[in-house]
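Please open the model in a viewer and keep the selection panel at hand. The stops below are arranged so that each selection leads to the next.

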Amino acid sequence: MMGDVETLATLLSLKVAAVAVLGSLPLALLVATRLARGGPGTLLLDALVHLPLVLPPVVVGYLLLITLGTQAPLGGWLKEMLSLRLVFHWTGAALAAAVVTFPFQVRALRLALEAIDPGLYRAAQSLGLSPWARFRRVTFPLALPGLLAGAITAFAAALGEFGAIMTFAANIPGETQTLPLAIYSALQTPGGETAAGRLVALAIALALAGLLLGEGAARRLRARTGQTLGSLR
Amino acid sequence: MLRFSLTLKKGAFALRADAREPCQRLALMGPSGVGKSTLLAALAGFERQAQGTVHLGDRILTGGKQGLAPEARQLGMVFQRPLLFPHLTAEDNLRFARPAAPPPVSFEEVVARLDLAPVLPRRAHQLSGGEAQRVALGRALLAAPAWLLLDEPFANLDPARREAALALIDEVVERQGLTLVLATHRLEEAVSLCDHLLPLIEENGVSAGSAQPLAQALGGARAPTLVSGTLQEAGGTLEFCYGGQTLRVKAAPFLRAEDRAGPAAALIDPQDVRALAAGAPAPLGCPRFEGQRLSADRLRHGEDVFTLPAPLPPGEGPVAFTLLGATVLPPRRRDAVA
């Protein structure tokens with residue numbers, strides 16, 4: 001039987017991870033397209049995108065806090081103009097998770113985009129397709145397996161994000177207390193090992209389900225285009 | 001009608017090509033790597049560094065302040081590689097372009113003429129080279145193009161399908177008054193489909209060429225010799241004279257059924273003529289010529305290709321020729337070269 005804490009934390013984790021991944025997807029697509037195309041500044045952009053991967057998540061959370069906290073100019077403006085408060089709010093947890101898992105999405109997308117034969121764009125152009133139509137009818141469907149793989153990896157990673165959420169959005173049950181934070185709290189409570197154990201089992205099950213689902217879908221998509229896992233034709 | 005004058009510099013590669021008189025059916029010929037595909041890409045607007053002008057009818061595609069983007073040029077393009085969309089079936093590839101105007105041939109006709117019915121449900125990676133090439137050709141025709149830019153479109157096709165594809169293109173170009181630019185290294189294809197020829201030749205690091213009427217272009221020193229004869233009966237033999245020797249060509253394999261009666265002409269490439277020593281395929285007793293003339297070493301088994309030393313030196317003994325190939329022209333195409 002799942003208790004209130006487990007249900008709340010699980011649902012919240014799923015919500016935070018889903019919003020984090022879906023919300024950052026358009027930007028990831030944009031950045032990956034830019035990186036795949038190359039050109040000046042690619043190296044710097046690439047480094048910036050990967051920064052959250054090498055920084056301690058606590059640092060990411062802290063940086064978010066000093067830029068988007070209610071006391072900070074940008075955070076104050078958001079609260080004032082859009083009544084959007086990120087700190088101590090689940091949207092803040094989603095933002096923190098999005099920043100930390102952003103590199104996973106960009107990486108997978110970039111690989112998928114780079115694997116597309118540039119000749120296909122010429123063929124599409126010769127058939128009268130505008131840049132937007134080329135993106136919609138050629139780039140997007142061919143990058144879909146990569147997009148899916150990246151999104152699933154990012155989703156699984158977002159489910160497990162701890163440091164950035166803890167620092168930026170804090171550990172508020174029912175609001176920002178995702179599974180890892182609930183596990184942490186349970187372990188801090190005397191006699192909370194049983195609860196922690198249940199939460200850990202849940203976390204493992206969720207992560208595994210996500211990875212299997214994503215890999216299966218990506219395989220199906222790749223098989224359709226004749227791409228094999230090892231070698232992209 | 002196409003008229004253009006283009007120059008292009010890309011690293012160490014330089015290209016200069018023009019067609020000053022408007023031509024409707026233009027063949028680009030030249031050795032591999034000379035820049036035929038690059039010229040096609042420049043005509044299509046894919047080469048941003050290309051400078052000059054491209055006029056199609058009264059429209060300016062390149063030149064002036066800025067050129068039209070490739071997608072606005074109403075192309076019907078077949079690239080060196082089929083470039084089919086791998087996430088789509090052959091049928092979806094054929095229907096990929098959604099032109100505003102109806103295409104010059106219907107989907108059903110393309111499928112029937114190019115024998116594509118069996119491959120329609122397959123995806124690109126499940127097609128053979130020839131099948132993919134036919135789908136690519138069909139896709140270009142169904143885009144309702146104003147002109148066709150074809151890069152070796154028959155390279156992977158077997159003879160029967162090559163003939164069918166060639167006839168379809170010929171018909172569409174004729175019926176719709178389309179402009180055709182065909183890059184090929186087969187003279188036979190150029191002569192069958194085109195009335196102008198642009199030979200691209202690399203000299204001093206620059207690939208250059210100008211379009212000329214076909215007959216004029218074929219008049220050069222290394223060009224094939226035009227000979228003609230009359231077919232007495234369907235599948236009969238054409239007789240040609242070359243250097244005092246009589247060459248016999250069995251014309252039937254080169255002709256379509258409806259062209260197998262009446263007068264025919266043929267183009268013979270010197271490289272298709274092989275010499276045999278008199279009466280013997282054996283290397284022994286081969287006549288020995290010096291210099292650029294025939295040399296016995298190159299006549300081993302009577303099979304080696306050589307360039308005809310014309311005229312043959314007198315008194316060097318009889319030499320028999322066999323002809324390995326000839327471009328036999330049906331009556332309808334004789335005017336193009338006569």
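In what order do the six strands of the open sheet in chain B lie? Select them and read across: the order is S6-S7-S8-S3-S9-S12, with mixed pairing. Strands here are DSSP runs of E of at least two residues, helices are runs of H or I of at least four, and both are numbered from the N terminus; two strands pair if DSSP finds at least two bridges between them. The edges are strand S6 (75-78) and strand S12 (212-213) of chain B, each of which pairs on one side only.

This is a predicted model, in which local features need pLDDT of at least 70 and side-chain atom pairs count only at pLDDT 80 or more, while totals for chains, interfaces and linings use all residues. Residues are numbered from 1 along each chain as its sequence is written, chains are lettered from A and ligands numbered from 1 in the order in which they are written, and side-chain values use heavy atoms, with hydrogens and water left out.

**Within the sheet.** Select strand S3 (residues 25-29) and strand S8 (residues 179-183) of chain B, which pair in the parallel sense over four bridges. B:Leu28 stands opposite B:Ala183 in S8(B).

**Between the chains.** Now show both chains: 23 residues of chain A are in contact with 21 residues of chain B. The two chains bury about 2,000 Å² between them, 61% of it on carbon and sulfur atoms; this is the accessible area (1.4 Å probe) lost on being put together, summed over both. In chain A, select A:Arg122, A:Leu127 and A:Arg137, which lose the most area to chain B, together 32% of what that side buries.

Two salt bridges are found across the interface of chain A and chain B, a salt bridge being a side-chain nitrogen of Lys or Arg within 4 Å of a carboxyl oxygen of Asp or Glu. Zoom in on A:Asp117 and B:Arg81, whose side chains meet in a salt bridge (2.7 Å, N to O).

Terms used
Contact = heavy atoms within 4.5 Å.
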